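I begin with the aromatic rings and then move on to the sheets and the core.

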Amino acid sequence: MDYVERLTVPLRWWVQGTMMVASLWLAVAVALPAAAATVVTAVAAAVVGAGFVAYGRARIVVADGELRAGPARIPVGLLGPAVALDAEQTRRAAGVEADARAYLLLRPYLKRSVRVPVEDPADPAPYWLLATRHPERLAAALTSVVTGG
């Protein structure tokens with residue numbers, strides 16, 4: 001493996017989700033019997049937890065001659081030089097400068113990204129824009145694999 005990253009949700013989301021479930025329990029506990037309030041709260045906690053786990057399951061992997069980002073994959077031989085983007089560049093690349101055909105794997109809690117041009121003329125996506133906690137490391141791993149060194 002040249003690079004592996006899981007885009008897990010940040011701790012603050014778990015704290016906020018816990019506080020939301022606690023607030024729900026307070027609201028439900030006054031209106032329902034204790035057992036019903038507990039069941040409603042447990043179901044809400046399970047839904048919130050499952051949602052966070054599912055949303056944070058996306059991975060970026062550079063290995064075995066391919067780039068995998070979420071459910072998508074592409075051979076590295078079809079990629080151009082990767083560029084690490086800072087927060088402002090990412091905001092523009094995902095907003096006003098975005099191409100609707102691009103493959104995007106973005107998360108609102110990750111402010112930086114890597115832009116990877118796709119050089120396959122048969123591929124409709126002109127580039128991939130991948131949110132990451134380590135844009136320089138991801139860009140370096142892709143550059144190393146694409147250039148063969």
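1. A search of the whole structure turns up six aromatic pairs. Tryptophan 13 sits in helix 1 (residues 11–29) and phenylalanine 52 in helix 2, so the pair ties together parts that are 39 residues apart in sequence. Helices (H or I, at least four residues) and strands (E, at least two) are DSSP runs, numbered from the N terminus.

2. A word on the basis of these notes: this is a predicted model, where local features need pLDDT of at least 70 and side-chain atom pairs count only at pLDDT 80 or more, while totals for chains, interfaces and linings use all residues. Residues are numbered from 1 along each chain as its sequence is written, and side-chain values use heavy atoms, with hydrogens and water left out.

3. Back to the rings. Phenylalanine 52 counts as buried, because its relative accessibility is 17%; buried means under 20% relative accessible area, exposed over 50%, and partly exposed in between (1.4 Å probe, protein chains only). Tryptophan 13 also pairs with tyrosine 109, edge-to-face, at 5.0 Å centre to centre and 80° between the planes. Tyrosine 109 belongs to the loop between strand 6 and strand 7 while tryptophan 13 is in helix 1, so this pair ties together parts that are 96 residues apart in sequence. With 9% relative accessibility, tyrosine 109 counts as buried. Ring pairs join Trp13, Trp14, Phe52, Tyr55 and Tyr109 into a cluster.

4. Axes here are lines fitted to C-alpha atoms, for helices over the stretch in contact, and angles run from 0 to 180 degrees between N-to-C directions.

5. Do look at the hairpin of strand 3 and strand 4: two residues lie between the strands, and glycine 70 in the turn has a positive phi of about 65°. The two strands pair in the antiparallel sense over four bridges. Leucine 67 stands opposite isoleucine 74, and arginine 68 stands opposite arginine 73.

6. Is arginine 68 buried or exposed? Arginine 68 counts as buried, because its relative accessibility is 16%. Its side chain makes a polar contact with the side chain of glutamate 66 at 2.9 Å. A polar contact is a pair of N or O atoms within 3.5 Å; within protein, one must be able to donate a hydrogen and the other to accept it, and residues adjacent in sequence count only if both atoms are side-chain atoms.

7. Another open sheet of four strands has the order 5-7-8-6 and mixed pairing. Strand 5 (83–85) and strand 6 are at its edges with a single partner strand each, so one side of each is left without a neighbour in the sheet. The twist averages 15° from one strand to the next. Strand 7 and strand 8 run antiparallel and are joined by five bridges; serine 113 has alanine 131 in strand 8 as its bridge partner. Helix 3 (residues 87–94) packs on this sheet, touching strand 5, strand 7 and strand 8.

8. Finally, the largest nonpolar core has 31 residues, and those with the most contacts inside it are Leu67, Trp128, Leu130 and Leu142. A nonpolar core is a set of buried Ala, Val, Leu, Ile, Met, Phe, Trp, Tyr and Cys residues joined through side-chain atoms within 4.5 Å. Its largest share, four residues, comes from helix 4.

Technical notes: Two strands pair if DSSP finds at least two bridges between them. Rings of Phe, Tyr and Trp (its six-membered ring) pair if their centres lie within 6.5 Å; planes under 30 degrees apart count as stacked, over 60 as edge-to-face and the rest as tilted. Contact means heavy atoms within 4.5 Å.
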